[in-house]
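Here is a guided walk through a structure. Keep the 3D view open as you read.

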Amino acid sequence: MRKAITIALTVTALAVPSVNAWASATAQKTIPKKKVVVATKSFTGTPGSADRWGNVQVTIVVKKTTTTVVKTKKVTVLRRITNVAVPVFPNHTDRSIFINQQALPYLVQETLQAQSTGINMVSGATYTSQGFVQSLQSAILSAKAW
Amino acid sequence: MGMPVVLDVRDADVGGDVLDRVFDWLRFVDATFSTYKDDSEISRINRGELELGDADETVREVLDRCEELRQETGGYFDVRAPLPGLVDPSGLVKGWAVDRAGAILDEAGARNYAVNAGGDMVLRGGALPDACWRVGIQHPLIRDRVAKVVEANHLAVATSGAYERGEHVVDPHTAAPPAGVLSVTITGPELATADAYATAAFAMGEAGPNWTARLPSGYAAMTILADERVLSTPAFPAP
């Protein structure tokens, strides 16, 4: 536990829901005219290092809601991550080896496969998780600049 | 724990205060259980400065559960084994803390979320707009591939493996790394238990799959053996 809990990333981290709720409520009472623009954009993080084995890359989809109060020209921007994907496995390399052996009756036997497919998370490797967080961080930073 | 915790909450109506509460909880767990912090309760217990009876209620709860799991796994999950005379419940604390983090989110009304602590995770609902969570099980030989994909709406997933970094599991009976097995993934309702089962089954080596065939109801296992055979219990979730 040396580094404690180092990363606190959340899907709603970019949004400030309470502040925005308050802002819109206030706006509705006093100045009803608002212009709302909603845009969606994808951000792919820089590849996060997973040691010498390669990289992990994360893509986030961010919905940006820009609210402009017509009279005061006050602009409120709300960014919310609406999806996180791990396009880490772009190439399919099937190196599974077929082993012809009777499966135990209470266990299902398969052969090891290398899959490449859209997934949300990876179970079982600290280095992958660290790379995931690195890449996610950089994607969030890009989205904040949008 | 020394690992990143990723909290992925997809419910638009869950506020930032809820997420702050979850991270406050995780910081409390770290401050109480860390063996790297001199003033944690675990460090003080190990130095003989704190009696178990005077420790925080959560410390006793965790150590009691560790002992239950040690017995249930025939000694293969043993938090006292690495350092004789000392306790290091880190192997259970991570999953247990994530289970509790999930409970905080449940109480706050979150329905679609994932809490992922270093590759062990609790999943609820779906990765909206997707209807479920898709979790890749790390391929033990090809580091940028997954060996299997699990789709779930309500599940804990824990994997123990012989990776270059991270926890190094040894057979508590021999203090040697297990032979013949590359990784064990356990799914089930509770992450703390799934994680302990994964650690134990991995430490058993080639005997692990037979042991996992008798897991309690709700838990399932997938073992990847060194000869690249994959043995799953029938209940192991398929996509």
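Two strands pair if DSSP finds at least two bridges between them. Helices (H or I, at least four residues) and strands (E, at least two) are themselves DSSP runs, numbered from the N terminus. This is a predicted model, in which local features need pLDDT of at least 70, side-chain atom pairs count only at pLDDT 80 or more, and totals for chains, interfaces and linings use all residues. Residues are numbered from 1 along each chain as its sequence is written, while chains are lettered from A and ligands numbered from 1 in the order in which they are written.

Start with chain A. Its elements are 2 helices and 8 strands. Along the sequence they come in the pattern β-α-β-β-β-β-β-β-β-α. Chain A has 146 residues, and 32% of them count as buried. Here a residue is buried if 20 or more other C-beta atoms lie within 10 Å of its own, exposed if 12 or fewer, and partly exposed in between, with C-beta atoms placed from the backbone. Contacts in chain A can also be sorted by distance along the sequence. Two residues are in contact if their C-beta atoms, placed from the backbone, lie within 7 Å. Taking contacts between residues at least 6 apart in sequence, 67% join residues at least 24 apart.

Now find a sheet in chain A. It is open, has 3 strands in the order β2-β5-β6, and its pairing is antiparallel. At its edges stand β2 (34-44) and β6 (75-85) of chain A, each pairing on one side only. From one strand to the next, the twist averages 15 degrees. Angles run from 0 to 180 degrees between N-to-C directions, and axes are lines fitted to C-alpha atoms, for helices over the stretch in contact. Strand β5 (residues 59-69) of chain A pairs with β2(A) over 11 bridges, in the antiparallel sense. Which residue in β5(A) is the bridge partner of A:Val38? That partner is A:Thr65. Strands of a sheet pair through backbone hydrogen bonds, either parallel or antiparallel.

Strand β4 (residues 133-138) of chain B runs antiparallel to β5(B), and 6 bridges join them. Opposite B:Trp133 stands B:Ala152 in β5(B).

Move on in chain B to strand β7 (residues 181-188). Is this strand mostly covered or uncovered? β7(B) is mostly covered, with 8 of its 8 residues buried. Strand β6 (residues 154-161) of chain B runs antiparallel to β7(B), joined by 6 bridges. There, B:Gly161 faces B:Ser183 in β7(B) as its opposite residue. β7(B) also pairs with strand β8 (residues 220-225) of chain B, in the antiparallel sense and over 6 bridges. In that pairing, B:Ala221 of β8(B) stands opposite B:Ile186.

The C-alpha atoms of B:Ala235 and B:Ala221 are separated by 7.9 Å, and the two residues are 14 residues apart along the chain. B:Ala235 lies in the segment after β9 (229-232) of chain B. B:Ala235 counts as partly exposed because 15 C-beta neighbours lie inside 10 Å.

Finish with the helices of chain B. Helix α4 (residues 90-107) and helix α5 (residues 191-203) of chain B have axes that come within 7 Å and cross at roughly 155 degrees. The crossing of α4(B) and α5(B) is right-handed. A crossing is right-handed if the near helix is turned clockwise from the far one by less than a right angle, and left-handed if anticlockwise.

Helix α1 (residues 16-33) of chain B also packs with α4(B), at an angle of about 155 degrees and with the axes 10 Å apart. α1(B) passes α4(B) in a right-handed crossing. Residues of α1(B) in this contact include B:Trp25 and B:Phe33, and those of α4(B) include B:Ala97 and B:Ile104.
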